[in-house]
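Open the model in your viewer and keep the selection tool ready. The tour below goes from one selection to the next.

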Amino acid sequence: MRTVQQPVSRAPIVVVVVFAVVAITLVFIGMQRPSEPPPEVDIAVAGTPAEPRALTVIMRDYRFDPTPVVLVPGETVRFTIFNGGLETHDFVIGDAGVQQAWAVADAAATPPNLLATAPPASVPPGTGGLRVLLGSGDRTSIDYVVPAGAELALLCHIPGHVERGMVGRVELREVGAP
């Protein structure tokens with residue numbers, strides 16, 4: 001009896017190549033910065049603890065959208081944060097002391113070599129600010145009370161991300177101010 005050899009299917013290879021091309025294309029599209037200025041934000045009513053003002057922030061690979069994030073001192077906002085990038089990112093909003101504390105904590109939590117497990121990053125209680133760590137594709141919602149009288153910044157302190165430009169601007173305004 002003679003065995004008939006079936007040709008090897010190339011379908012899995014074609015699927016993998018097409019997927020890779022689509023993924024690379026989406027990464028390049030996501031890396032493009034919009035050429036037009038961000039839309040003007042008009043805040044008619046500041047958020048309250050009972051009714052926080054909704055604000056969505058998308059973390060992409062090495063940028064935040066929108067930027068600037070427009071906040072009113074003393075208001076409560078409900079951030080919906082989505083990691084639309086391919087890497088883990090953190091969302092750290094706070095004053096210079098908060099940013100410094102998380103920069104040190106994330107640097108200390110960096111594993112010494114590729115095979116080591118990183119310890120969790122943490123800062124002393126009472127540091128203030130807000131930090132959210134999200135893996136690729138993850139999202140969460142969290143309420144945040146905007147401090148009055150502080151200059152705020154928005155950064156991703158994962159090692160190397162600030163250096164690649166993952167810095168968002170925070171603009172503080174009064175209600176109704178253009």
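Begin by selecting D65 and R63, which form a salt bridge whose closest N and O atoms are 3.3 Å apart. A salt bridge here is a side-chain nitrogen of Lys or Arg within 4 Å of a carboxyl oxygen of Asp or Glu. D65 and R63 are both buried, where buried means under 20% relative accessible area, exposed over 50%, and partly exposed in between (1.4 Å probe, protein chains only).

A note on the source before moving on. This is a predicted model, in which local features need pLDDT of at least 70 and side-chain atom pairs count only at pLDDT 80 or more, while totals for chains, interfaces and linings use all residues. Residues are numbered from 1 along each chain as its sequence is written, and side-chain values use heavy atoms, with hydrogens and water left out.

By the salt-bridge rule, the count comes to eight. Side chains of opposite charge can pair when their charged atoms come close.

Next, select R131 together with D90. Their side chains meet in a salt bridge at 3.1 Å, N to O. This pair links distant parts of the chain, with D90 in strand β5 (residues 89-94) and R131 in strand β6 (residues 130-134), 41 residues apart. Helices (H or I, at least four residues) and strands (E, at least two) are DSSP runs, numbered from the N terminus. D90 is buried, at a relative accessible area of 0%, whereas R131 is partly exposed, at 22%.

D106 lies in helix α2 (residues 96-108) and R131 in strand β6, so the pair ties together parts that are 25 residues apart in sequence. D106 is buried, with a relative accessible area of 5%.

Finally, go to N83, in strand β4 (residues 76-83). Is N83 buried or exposed? N83 is buried, with a relative accessible area of 0%. Which backbone oxygen lies 2.9 Å from a polar atom of the N83 side chain? That oxygen belongs to L134. Leaving aside neighbours within four places in sequence, N83 is in contact (heavy atoms within 4.5 Å) with residues including M59, T88, H89 and D138.

Definitions and conventions
Polar contact = N/O pair within 3.5 Å; in protein donor to acceptor, adjacent residues only side chain to side chain.
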